[in-house]
Amino acid sequence: MKAIKYLNTFAIGLPILIALFGFIDIDYIGTALVSTILTGFIQVVLSLLLLYYSPKNKYLQIYITTVILFFTLWCLNINICHSDFLTFLLFPIPLLLAIYLSSIIYKKETL
């Protein structure tokens, strides 16, 4: 469980650390934004790993369901029916998912 906490902390801290270098060179801000993709990937993998060990955990089930719903709506919005309102609604969801999974990981004592 400690390794999962450390990996999650790394995933959350990486974009923040890179963004701090934005004070030196503005190009680092773009790199920090792109590194949030890596953060999301790491968190989805961690959540699947935790769900494998705790399949009845309703908080992890909610997280995975919300991730699937987010990507489904995102693909529909891009490919089928582009809606500025839906784009506006989907924009903060990855940040909220990162906070939600982090709170699950840091509150979870044992697998």
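Q: In which helix do Phe-71 and Trp-74 lie, and how many residues apart are they?

A: Phe-71 and Trp-74 both belong to helix α3, residues 58-79, where 3 residues, about one turn of the helix, separate them. Helices here are DSSP runs (H or I, at least four residues) and strands are runs of E (at least two), numbered from the N terminus. The model is predicted, so local features need pLDDT of at least 70 and side-chain atom pairs count only at pLDDT 80 or more, while totals for chains, interfaces and linings use all residues. Residues are numbered from 1 along each chain as its sequence is written, and side-chain values use heavy atoms, with hydrogens and water left out.

Q: How do I read an aromatic pair, and how many are there?

A: Rings of Phe, Tyr and Trp (its six-membered ring) pair if their centres lie within 6.5 Å, and planes under 30 degrees apart are stacked, over 60 edge-to-face and the rest tilted. By this rule there are 5 aromatic pairs. Phe-70 and Phe-71 make an edge-to-face pair, because their ring centres are 5.1 Å apart and their planes stand at 75 degrees. Phe-71 also pairs edge-to-face with Trp-74, at 5.8 Å centre to centre and 70 degrees between the planes, and Phe-70, Phe-71 and Trp-74 form one aromatic cluster.

Q: Which residues of α3 are buried, and what do they pack against?

A: Buried means under 20% relative accessible area, exposed over 50%, and partly exposed in between (1.4 Å probe, protein chains only). The buried residues of α3 are Leu-60, Tyr-63, Ile-64, Val-67, Phe-70 and Asn-77. Seen down the helix axis, these buried residues fall within an arc of 165 degrees (taken from the directions from the axis to the C-beta atoms), so they line one face of α3. They pack against α2 (27-53), α4 (84-90) and α5 (93-107), where contact means heavy atoms within 4.5 Å. The face turned away from this buried side carries the exposed residues Lys-58, Thr-65, Ile-68 and Asn-79. Phe-70, at 12% relative accessibility, counts as buried, whereas Phe-71, at 40%, is partly exposed.

Q: How many disulfides are there, and how far is the sulfur of Cys-75 from the closest cysteine sulfur?

A: A disulfide is a covalent bond between the sulfur atoms of two cysteines, and it is counted here when the two sulfur atoms are within 2.5 Å. A search of the whole structure finds 0 disulfides. The sulfur of Cys-75 is 12 Å from the closest cysteine sulfur, in Cys-81, which is too far for a bond.
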